Every structure is written in C-alpha cells, then in structure tokens.
Amino acid sequence: MKSTSAYNVLLVDDSPNILKALKRTFAHEGYNLHTAESAREAMDIIKAQKIDLVIVDENMPETSGSELLSALRTFNPEIVRIMVSGMNDVNVLKNAVNKGEIYRFFSKPWDDFELLISVRYALEAKAEREMCRKLKDTLKHQNEMIRQLEKDHPGIAGKNLSVDGAFILDE
C-alpha cells in the first residue's frame, strides 16, 4: 500500500468552518489535503491533479453534493466518494448511494475516529484494486507473449519446465 502522504484527499463544503474541522480531523494522518468550497472548484481541482478520495457535503449552493458525486463517478469512477451531511433525508442518502455510488455516508456532526478509519479502509481497498488491475494487466501481457511464442515456435508452451523455470529436454 502507498504511504499516506501519497494519497490526495479533497474536502468539499461551502462552510469554511466545516472545512477547518475536517482538516483538523485529518491533520495528523499525512494525507495531501485539498479543499474546495463549491462543486465547480472541486471539479477544477480534480481535473488538475490526481485525487484519490473526496468527502463532499450535500447542501451546497449551485450544485448539490449528490450531483457532484454523480459527476465524479462519471468523470473518474476510481475516486472514492464519501458524503457528509447535516440533512437526514432518506432521499438525499438514496441519491448519494444510487447516483454517486458513495463508499460511506456520515451525518453531521461526524465521529472523527469513524471517519478516519473509513477513509483509511477506503484507501486500502482502492490500493488493492489498483494492484489487482496491474497484476491482471501483467498476466494479460504475459499470456499474449506466450501465445506469440507458441505461434512462432509451435509446441514451445507445452515443454516441461523444472521448478526453477529451466527447460527439461526430452532424451
């Protein structure tokens, strides 16, 4: 897994006080923290740099958190999406889950420890998905190489190999 300082976390809320509270919550975690006070500002940051995880408030002017999360899912589905909201409306939660495919939902005021653990687990899961994707790509490339070798040298893939990978020649 990457070190925590390798992760970029974006905090989005129209309230500067909430952004300060979130920054305090994550101050000792070592993440690269970015903040935005609107959906437009958040999208500008996301287009300019690689963001791993975003925490979004629902109730913002112009664009709601649910709409931003939905746009993020379309723009880059690899960004982990978390919603924090003071609204306890089931429809808000339903939209966040169904349209934004959020990882977690937290009510304000949130529990710092629970939020920290959720972010850590979300980033670990993201790192594992990335590793699996890389391993699949490597395997796909290696299988293609074997197919090409078999095409160029028929029967080569069926040769016996020792435990250390050396060819065992028929006598």
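1. Accessible areas here come from the Shrake-Rupley method with a 1.4 Å probe, and for residues only the protein chains shown count as cover. On that basis the protein exposes about 10,600 Å², and carbon and sulfur atoms supply 53% of this area.

2. This is a predicted model, in which local features need pLDDT of at least 70 and side-chain atom pairs count only at pLDDT 80 or more, while totals for chains, interfaces and linings use all residues. Residues are numbered from 1 along each chain as its sequence is written, and side-chain values use heavy atoms, with hydrogens and water left out.

3. The protein holds five helices and seven strands (DSSP runs numbered from the N terminus: helices are H or I of at least four residues, strands E of at least two). Along the sequence their order is β-α-β-α-β-α-β-α-β-α-β-β.

4. The radius of gyration, taken over C-alpha atoms, is 23 Å, whereas a compact globule of 171 residues would have a value near 16 Å (the globule rule is 2.2 Å times the number of residues to the power 0.38). Along the principal axes, the C-alpha atoms fill a box of roughly 80 × 30 × 30 Å.

5. Of the 171 residues, 35% count as buried (under 20% relative accessible area; exposed is over 50% and partly exposed in between, with a 1.4 Å probe and protein chains only). Among contacts (heavy atoms within 4.5 Å) between residues at least 6 apart in sequence, 59% join residues at least 24 apart.

6. The protein carries 23 positive and 27 negative side chains, where Lys and Arg count as positive and Asp and Glu as negative, without His and the chain ends. The centres of the two sets lie 3 Å apart, each charge being placed at NZ of Lys, CZ of Arg, CG of Asp or CD of Glu.

7. The peptide bond from K108 to P109 is cis, with omega near -5°; P109 belongs to the loop between β5 (104-107) and α5 (112-152). E62, although not a glycine, has a positive phi of about 70°. E62 sits in the loop between β3 (53-57) and α3 (65-75) and is exposed, at a relative accessible area of 67%.

8. Is D52 buried or exposed? D52 is buried, with a relative accessible area of 1%, and is located in the loop between α2 (39-48) and β3. The D52 side chain reaches the backbone nitrogen of N8 at 2.8 Å.

Methods:
Polar contact = N/O pair within 3.5 Å; in protein donor to acceptor, adjacent residues only side chain to side chain.
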